[in-house]
Amino acid sequence: MKRIRTLAYSLLWLPMLACAAYPDRPITIIVPFAAGGPTDVVARALQKPMGDALGQPVVIDNTAGAGGTIGTRKAVQARPDGYTILFMNLGVSTAPSLYKTLGYDPRTDLTPIGSVVDTPMAIIARKDLPPETLPQLKAWMKAQGGKVNYGHAGIGSAAHLCGVLLQKDLNTNFTEIGYKGTAPAVQALIAGEIDIICDQWSNMTEQVKTGTVKVYSTTAAVKDFPALPQYLSLSAWHALYAPKGTPPEFIEKLSSSLQSSIASEYFRTRMEQINTLPATPEQARPAALAQRTAQEVQHWGMLLSNTGTGKQ
C-alpha cells in the first residue's frame, strides 16, 4: 500500500517536474518556405536570441511547398510538447480561403505564441524591364495583359497575395508561376525567366544593392523608393504558433522568450538592416496574435472571394 501511495504521489508531481524542466532539449522551428527566403531570413535572425532566452538550441526546419501549407500542416500534426513550433507569415490566414483540402484551421488547430515582425513588400522586376517608373510599369503590365510572367512563392504566400491585389488594381490578369518559396522566384527573376514579383523587402536588400533587379515601389516608407497607394497596402506579418494542445505553461515560456528576443539589440539591429519592423511587446503575446489571426482570416476570406480567386 505504501509503495502504491508513493507511486501515486510521483505521478502527481510528474507534470510539475516536466513544466519546471521545460525546455530540456533543442526546439525546432518549422519554416514552411525555402531556405534563404524572406521568412527564413527573419526566422534565422530570431534563432540565436530565442535560443539564448530558452537556454536551449533552436533548430530551423525548412519544409517548403504549396504556399507554406505543407510545413504548416506538419506543425499542426506535431506532438504538442513545446518542442516543435511554427514560424509563418500572413499566409496562415489566407490558406482557408484558397485551399479546398487544407486539413486544418489556423484559428483552432494552432496555438498562438506571438507576432514577430511586419515586413513591407516591394514591386521588383528583372533589371532589363523597359518601364522606369511605377506609372509606366502599371501601363506596361496592363498593355501586356496575360503575357506578364509573375512569380510567387505559392498560392496564399505574401507574394501571391500582392499579385492578386495588383491584378485587381489593373483589371487584368498575369501568367502566374509558383515556386517553393520566394528565394527560387528571385533567382528566376535575376535569370530573366519571369518579369516581376512582389516580394518581401527583407529578401531584396542585397539584390537592390548590387543592381541585379529593378525596384518600382514598396508598401511602406523605405528610403529612396516611392510607396504604393494605400489601397494596395500589404504587410507580410510573421508570427510564432504551436500545435493545438501545447501546455499553457510552455506557451507562456515561449512567448516570454519571444518578447525578450525581439527586444534584443542583436535582433533589432538585424531587422533594421532589412527594413523590417519588430512587433511590440503587446503584439508578441498569444491573445493579441489570436485576435489578429481571426481578423485576418475573415478579411482575406472576403477579399479573395470578391476578386474571384478560387480554391485550389
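Cys-162 counts as buried, at 2% relative accessibility, where buried means under 20% relative accessible area, exposed over 50% and partly exposed in between (1.4 Å probe, protein chains only). The model is predicted: local features need pLDDT of at least 70, side-chain atom pairs count only at pLDDT 80 or more, and totals for chains, interfaces and linings use all residues. Residues are numbered from 1 along each chain as its sequence is written, and side-chain values use heavy atoms, with hydrogens and water left out.

Cys-162 is joined to Cys-198 by a disulfide, with an S to S distance of 2.0 Å; a disulfide here is a pair of cysteine sulfur atoms within 2.5 Å. The structure holds one disulfide. This pair links distant parts of the chain, 36 residues apart: Cys-162 is in helix α6 (residues 158–170) and Cys-198 in strand β7 (residues 196–200). Helices (H or I, at least four residues) and strands (E, at least two) are DSSP runs, numbered from the N terminus. The torsion about the S-S bond of Cys-162 and Cys-198 is about 50 degrees, so the disulfide is right-handed. Cys-198 also counts as buried, at 0% relative accessibility.

Helix α7 (residues 182–190) has as its buried residues Thr-182, Ala-183, Ala-185, Val-186, Ala-188 and Leu-189. An α-helix has 3.6 residues a turn, so residues three or four places apart point the same way. Just after α7, Gly-192 takes a positive phi of about 80 degrees.

Another helix, α4 (residues 91–98), contains Thr-94. Thr-94 is buried, with a relative accessible area of 0%. A polar atom of the Thr-94 side chain lies 3.2 Å from the backbone oxygen of Gly-91. Neighbours within four places in sequence aside, Thr-94 is in contact (heavy atoms within 4.5 Å) with Gly-156, Leu-161, Trp-300 and Leu-304.

Pro-130 is exposed, with a relative accessible area of 55%. Its place is in the loop between β4 (110–126) and α5 (134–144). Pro-130 and Trp-140 are ten residues apart along the chain, and their C-alpha atoms are separated by 8.5 Å.

Charged pairs come next. Side chains of opposite charge can pair when their charged atoms come close. A salt bridge is a side-chain nitrogen of Lys or Arg within 4 Å of a carboxyl oxygen of Asp or Glu, and by this rule the count comes to 13 salt bridges. One of them is between the side chains of Arg-25 and Asp-81 (3.4 Å, N to O). Arg-25 is in the loop between α1 (2–21) and β1 (27–31), and Asp-81 in the loop between α3 (69–76) and β3 (84–89), 56 residues apart. Arg-25 counts as partly exposed, at 38% relative accessibility, whereas Asp-81 counts as buried, at 16%. Asp-24, Arg-25 and Asp-81 are linked in a network of salt bridges.

The side chains of Asp-61 and Lys-74 also meet in a salt bridge (2.7 Å, N to O). Asp-61 lies in strand β2 (residues 58–62) and Lys-74 in helix α3, so the pair ties together parts that are 13 residues apart in sequence. Lys-74 is partly exposed, with a relative accessible area of 38%.

In the salt bridge of Asp-109 with Lys-244, the closest N and O atoms are 3.7 Å apart. Asp-109 lies in the loop between α4 and β4 and Lys-244 in the loop between β9 (235–243) and α9 (248–262), so the pair ties together parts that are 135 residues apart in sequence. Asp-109 is buried, with a relative accessible area of 19%.

Technical notes: A polar contact is a pair of N or O atoms within 3.5 Å; within protein, one must be able to donate a hydrogen and the other to accept it, and residues adjacent in sequence count only if both atoms are side-chain atoms.
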